[in-house]
Amino acid sequence: MNLKEIECKALVIRYLIIEMISRAASGHPGGSLSATDIIATLFFYKMRHKPNQPEWPERDRFVLSKGHAAPALYTTLAEAGYFPRSFLKNLRQVGSPLQGHPDMLSLPGIEMTTGSLGQGLSVSVGMALAARVDKLKYRVYCLIGDGESQEGQIWEAAMGAGHHKLDNLCVIMDHNKLQIDGKIEDIKTISPVADKWRAFNFHVIDKVDGHNIKALMTALDKAEKNRGKPTIIIADTVKGKGVSFMEHNNKFHGSPPCGDQIECALKELK
Amino acid sequence: MKDLGKEATRVAYGKTLVELGKKHQNIIVLDADLSCSTKTALFAKEFPDRFFNAGVAEQDMMGMAAGFATTGKIVFASTFSCFASGRAWEQIRVSIAYPRLNVKICATHGGITTGEDGVTHQATEDLAILRAIPNLTLIVPADAIEAENAVRAAAAYHGPVYIRLSRLTSPIIYEKKDYGFKIGKGVTLRQGKNISIFSCGILVPEVLKAAEELEKKGISAEIINIHTLKPLDKEIIIKSAKKTKAVVTVEEHSIVGGLGGAVAEVLSENCPTMMARVGLRDMFAESGKAPDLLVKYGLTADNIVKTAKHLLKK
């Protein structure tokens, strides 16, 4: 897809995210909207994957370590053709494959079950090492949150990725600066974040505008060319991006819009 | 009891892993800086390209194991039982058991016979906390021969498995390898009429000794090795309890939630039976030589005999 098409897709995805979370009256809109452009650029530009053959052994892998952004992943997978759009109606409902957090056994295209923060990066390291053992060329993309980076396991995994010089691994941090209880800066700062990753032997591409598809494409291309080290792209994002009253507002971390807010939000995303 | 020699179950694990590694190219082994103690070092030496050391990071190791498993590998991940079950419990729950990934957690140094290292290194609650996790198969081999069988069976089975192994060199109870080991099927080691004793792990030889003592006192004990705690062989437990009407469980674990707990659950739902649990009595143990600890905490043939006699007097 070209730049313009991905930008249009991202808008559709945002609309579907709000629609599905509103219908479910449950879910995490803030972090889904901050991750939307990153996930869309991966699936519609960067990753080699076959929606009609989700088990293709040479596919690039995407692990959503910040599993609460599941609505962004579900809508992207539906738009990519992994399953019908109609599935999106049943988010978080009994019997639905669209669980509150991603379940790899219930939906095609979900590479890993996630939701308890901090666990996805270790899994991505395992996948990237497996590619090396099997002499396959696939790449592993892991999306982590900035609040999630307060989990110790993230750093255990980072140490392992750096140690093994996993240049087939690309971590992307959705750096929206907010967590449930407030600003990361106030609760437990993760700065200086780029220095931390450099110290863990990562190639760091920071200050990337996480809502500029062109910038994301460039960063992802650069990451792929990098040899001898894993890469992290630190993407500056806005929680709730695309809906004016949700932007920078951590009230919408885990609460759905309600009443008139739903219509207002959808109108802004048309 | 016939003398059939001794070997630690962890040693049998290490040797079997090498055998399996020769046969199956898709076996990957992980460890968290304890490979000399868990015996995965034997595999590492033979197949360095398929061995990965996560360092002192058990949670990371479980996640890596899950990642490898998503690509079709049979993954063995080893550390001490206390760290596997305690430190990495949630990684086992979310990254391994919930997605039913093909990871075999082979945890050594189960129970108090870890010895001198003391409470921090003695897993005495692992079976209880792991038994509560759905999809996870739990096996506690009674001797080196059963450990080999269990490791082979786990490799052949698709799904998550936890095998609890021991540090201590312990007596071998099986005369031959092909006694019919099957995941989820208990093994009757001795038929009896007056009391049923269910056990697992390296205390099974003590139970067999106790049965000989009881025989001398005119008590006929049925001895059943429940090597698989999950899925539990309910049928064999109920059948034996209905026959003898008195049950003792023996395990190197807390009396809370392990084999004793599992048997109590089955019996109280199906055929309430008088029972007594031999195990660590809801307490931490301490440092010491393994045989001394077993004596102090009542995990001996003598105490099993005493417990059985007391129960029958009730």
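## Ground rules

Residues are numbered from 1 along each chain as its sequence is written, and chains are lettered from A in the order in which they are written. As the model is predicted, local features need pLDDT of at least 70, side-chain atom pairs count only at pLDDT 80 or more, and totals for chains, interfaces and linings use all residues, while side-chain values use heavy atoms, leaving out hydrogens and water.

Side chains of opposite charge can pair when their charged atoms come close. Here, a salt bridge means a side-chain nitrogen of Lys or Arg within 4 Å of a carboxyl oxygen of Asp or Glu. Searching the whole structure turns up 27 of them over all chains.

Take Arg48(A) and Asp60(A), whose side chains meet at 2.9 Å, N to O. Both sit in the loop between helix H2 (29-46) and strand S1 (61-64) of chain A, so the pair ties together parts that are twelve residues apart in sequence. (Helices, H or I of at least four residues, and strands, E of at least two, are DSSP runs numbered from the N terminus.) Asp60(A) is buried at 3% relative accessible area, whereas Arg48(A) is partly exposed at 35%; buried means under 20%, exposed over 50%, and partly exposed in between, with a 1.4 Å probe and protein chains only. Elsewhere, salt bridges link Lys9(A), Glu79(A) and Arg85(A) in a network.

## Salt bridges in chain B

Glu215(B) and Arg190(B) pair up at 2.8 Å, N to O. Glu215(B) belongs to helix H9 (residues 204-216) and Arg190(B) to strand S9 (residues 187-190), so this bridge ties together parts that are 25 residues apart in sequence. Glu215(B) is partly exposed at 42%, and so is Arg190(B) at 22%.

Helix H9 of chain B also holds Lys216(B) and Glu213(B), three residues apart and separated by about one helical turn. Their side chains form a salt bridge at 3.0 Å, N to O. Lys216(B) is exposed at 66%, while Glu213(B) is partly exposed at 29%.

Helix H5 of chain A runs over residues 152-163, and its end C-alpha atoms are 17 Å apart, which agrees with the 16 Å its twelve residues should span. That expected span is 1.5 Å times one less than the number of residues.

Nine of the twelve residues in H5(A) are buried, among them Trp155(A), Glu156(A) and Gly160(A). The buried residues pack against parts of both chains, including helix H4 (120-133) of chain A and helix H6 (89-97) of chain B; contact means heavy atoms within 4.5 Å. After H5(A) comes Lys165(A), with a positive phi near 50°.
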